[in-house]
Amino acid sequence: MLLHLSAMTAPLHLPALSALLAAVLLVLVKAQLQLLPGSCSFDQDTCGYTSDPTYASWTVNDEGRFITADSSFMGEADRAVLVSPETEILEWSCLRLVYQITGAGSLQVHLRPHGESFDYTLWMADKASDSWLIASIDLRNISRAYQLLMEARPNQGPGNSIAIFEIHIIPGYCLECNFEEHHLCGYSNQWNPNVNWYVGGSLARDPQSNLPDDHTMSNQRGHYMYVDSVYAKRFQEVAKLVSPMTTTPMSGCLSFYYQRNQARGNFFSIFTRDQLGHYEEIWRPDVYATSTWKLVQVDIKAQHPLEVVYEVAFNSPRGGYVALDDITFSPQFCHTETEPTFDPSVANCDFEESLCQYYQERVGGAVWNRVSLRPNIYRIGDHTTGSGSFLMANTRFTSRPGYVGRLHGPYLPGNHKYCVRFYYALHGFRKIDNALALYIYDENNVAQEKIWTVSEGSRDMWTEMEVTYQKPMSTKIVFVSICRNFWDCGLVALDDITVTLGDCSVTTGPLRPPPGHCYFETGDCGYTQEKKSKKGHWLRIRGHTPTSYTGPKGDHTLGVGYFMYIEASHMLHGQLSRLLSPELRGSVGPQCLTFFYHMYGSGTGTLSLLLQRGDSLKERLLWRRHGEQSISWMKATVDYDCSTRHKIIFEAVRGPSIRSDIGIDDIVFKKGPCKDPGDSISYSGFSENINEIEY
């Protein structure tokens, strides 16, 4: 949540100067004592912050007080990265960043845990402003040291710069505020021509005012927020006070104090608002008026970024006022009847070992069956590994010419928004009507709604689908496949079902990968080509490759997304292409690297995975496959250790014919060792048992 500093202090009546200065000094001293390591005002120096020498340098203003990254002084560099000293914060804390973007550019804040290769993006902004802005960023308590990175990317050209005025890290949550500081903790008033939230309290107020004393200090020196109906002109004019946007998952008890001085002249409600602008009311008062400060405690579950909106509506200019103060947050729920945050992963299943918590109706015989397929060149394997198990619905599994197959999932609590992701594949259907649909069933096992049905699209390949739904009651998802008669039906395959909390458009997924994951859907993730003479190139493409009888029909991530591959028709026999990862810092302990590869075609060459340390010319072979492997995307799993800076290289060598396309997709680095053995068989060449199909 951003707040213009120039507008932080709402209009106040003229104060007794000495008393006001004393109060301000008291607050500033108190705030200064609470600052944690990593804070900096750039008055005298940079407080241990340094510029990453790999990129352009940040420059301290000649008069102090702020630090800047200006495109005019960055040369060919496209960014400047400011790195904090290494520090440890064992308790939840709030980073408040005062910054300004001039012209065009962006500013990002990253967290770099000690001993890990990848940084975690906490926050970003890319909107220009003619004044200083404030960002509030929650920092979770972690058990090891870390650094903060401020990455500025001003656009090239004159007049583009990023400046940082102040970095303050304080204990507590960014939602918390007593409104005693000038920046109001990043809370902002959503401006309305007639009714707005103002700063109340202090000795500056009108003696005739009926507004209350501050709750924090229990006197006239303190401050709070209030909204008054005196300027309301139309029916139900609304004033909104908006909290900073949460930046990390959090659940617990939100507490605050409020006052209302009119019985029926106003409406006061608290909402949460997510990134998509969806509102959900979480509280409204049970009494009309309070002559003293009243404590309110309400439980919230913020699994994804959201704001808390304090909303007041007035019926008339005589609607009174509402005052708000001392907002706090606790990670423990305030009401014992509040259910703990639910983990919907009980509905996840990759069908490798069993049906998990899914089951089917067995009337007329089982329609859905778990099948497996050995790697071969004629039929696609499962989506999880290429050689594992998946579910299939087919008339051959039943004794009738047609069927209705229902696959039921476990029950999930109501009043949650769920994102359901799954992969499906179709083969041989003349008509796809009712081939596969997703329903929501209630606790009485009655279908409430069809939320998805398959549409005409690609055949014989795994396609990802994601669906968001929310119901007030307990529900379960049910996959339904209907075959009217034998001649119109084919095979329906289902794999890798995942259910998470939140809207699919804002949850982590193929289009929003976490650190260390590259799906090539939005770009090349910083991977680069080694461009030398007599070498080919890796190409980023979607859809099928142009040469027949080689290459995949689509990517592994979505089925209709992007992947990297070599086009053999553009290369000569023996030529190679090398794709280099961004430089990795190295990590303490084993590292697990997984990726999917596609090696289909009678002339397929070799795919190798190499490790290159620092600037060394020596490379270590980690993994290799040669020749045609499968028509499916196959999963590779590689354990390796490297505590120093290094790069991972994907090297593809073109085979003896143009049917030698090689593809890679879905590269994932994570802490090791690898739990899933995946493709750990150290063979090279054609797969054995090429036609052995286990179903």
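**A tyrosine and its surroundings**

Analyst: Happy to. In this predicted model, a polar atom of the side chain of tyrosine 358 lies 2.6 Å from the backbone oxygen of alanine 347.

User: How many residues apart in sequence are tyrosine 358 and alanine 347?

Analyst: Tyrosine 358 and alanine 347 are eleven residues apart in sequence, and their C-alpha atoms are 7.8 Å apart in space.

User: Where is the place of tyrosine 358?

Analyst: Tyrosine 358 sits in the loop between β21 and β22 (359-360).

User: And is tyrosine 358 buried or exposed?

Analyst: Tyrosine 358 has 4% relative accessibility, so it counts as buried; the cut-off for buried is under 20%.

User: What is tyrosine 358 in contact with, leaving aside neighbours within four places in sequence?

Analyst: With those neighbours left aside, the contacts of tyrosine 358 are Ala347, Cys349, Leu407, His408, Gly409, Pro410, Ile477, Phe479 and Ile497.

User: Nice. You mentioned β21, so let's look at that. Which open sheet has β21 in its order?

Analyst: β21 belongs to an open sheet of five strands, in the order β13-β14-β21-β16-β19, and the pairing is antiparallel. The strands at the edges are β13 (197-201) and β19 (290-302), each of which pairs on one side only. On average, neighbouring strands of this sheet are turned by 35° against each other, with direction ignored.

User: How many bridges are there between β16 and β21?

Analyst: Seven bridges, with β16 (residues 250-260) and β21 (residues 321-330) pairing in the antiparallel sense. As one example of a bridge, serine 255 has threonine 328 of β21 as its partner.

User: Is aspartate 326 buried or exposed?

Analyst: Aspartate 326 is buried, because its relative accessible area is 12% and buried means under 20%.

User: Which other aspartate has a positive phi?

Analyst: Aspartate 666 does, at about 55°, and it is not a glycine either. Aspartate 666 is found in strand β42 (residues 662-671). With 8% relative accessibility, aspartate 666 counts as buried too.

User: Let's switch to β17. How many of its nine residues are buried?

Analyst: Seven of the nine residues of β17 (residues 266-274) are buried, so this strand is largely enclosed by the rest of the structure.

User: What does β17 pair with?

Analyst: One partner is strand β20 (residues 306-314), which pairs with β17 in the antiparallel sense over nine bridges. Within that pairing, arginine 273 has glutamate 307 of β20 as its bridge partner. β17 is also joined by four bridges to strand β18 (residues 279-283), again running antiparallel. There, threonine 272 stands opposite glutamate 280 in β18.

User: How many residues lie between β17 and β18 in the hairpin they form?

Analyst: Four residues lie between β17 and β18, and glycine 277 in that turn has a positive phi of about 85°.

User: Changing topic: how many cavities of 30 Å³ or more does a search of the whole structure find?

Analyst: The search finds three. The largest cavity holds about 80 Å³ of space. Ten residues line the largest cavity, and those closest to its centre are Arg96, His168, Ile170, Glu181 and His183.

User: Which strand gives the largest share of that lining?

Analyst: β11 does, with three residues. β6 (93-102) and β11 (161-171) each supply at least two residues of the lining.

User: One more residue. Where is serine 84 found?

Analyst: Serine 84 is in the loop between β5 (80-83) and β6. Serine 84 is buried, at a relative accessible area of 4%. A polar atom of the side chain of serine 84 lies 2.8 Å from the backbone nitrogen of leucine 148. Leaving aside neighbours within four places in sequence, serine 84 is in contact with Gly48, Tyr49, Gln147 and Leu148.

User: Great. And the overall picture?

Analyst: The protein chain has one helix and 43 strands. Of its 695 residues, 53% count as buried. Among contacts in the protein chain with a separation of 6 or more, 80% come from residues 24 or more positions apart.

Conventions:
Residues numbered from 1 in each chain as written. Predicted model: local features only at pLDDT ≥ 70, side-chain atom pairs only at ≥ 80, totals over all residues. Heavy atoms only, no water. Pairing = 2+ DSSP bridges. Axes fitted to C-alpha atoms, helices over the stretch in contact; angles between N-to-C directions. Buried < 20%, exposed > 50% of the residue type's maximum accessible area, 1.4 Å probe, protein only. Contact = heavy atoms within 4.5 Å. Polar contact = N/O pair within 3.5 Å; in protein donor to acceptor, adjacent residues only side chain to side chain. 1 Å grid on protein atoms, 1.4 Å probe; cavity = no way out; pocket = protein on both sides within 12 Å on 5 of 7 lines; lining within 4 Å. Points joined across faces, edges and corners; volume = space filled by probe spheres on them.
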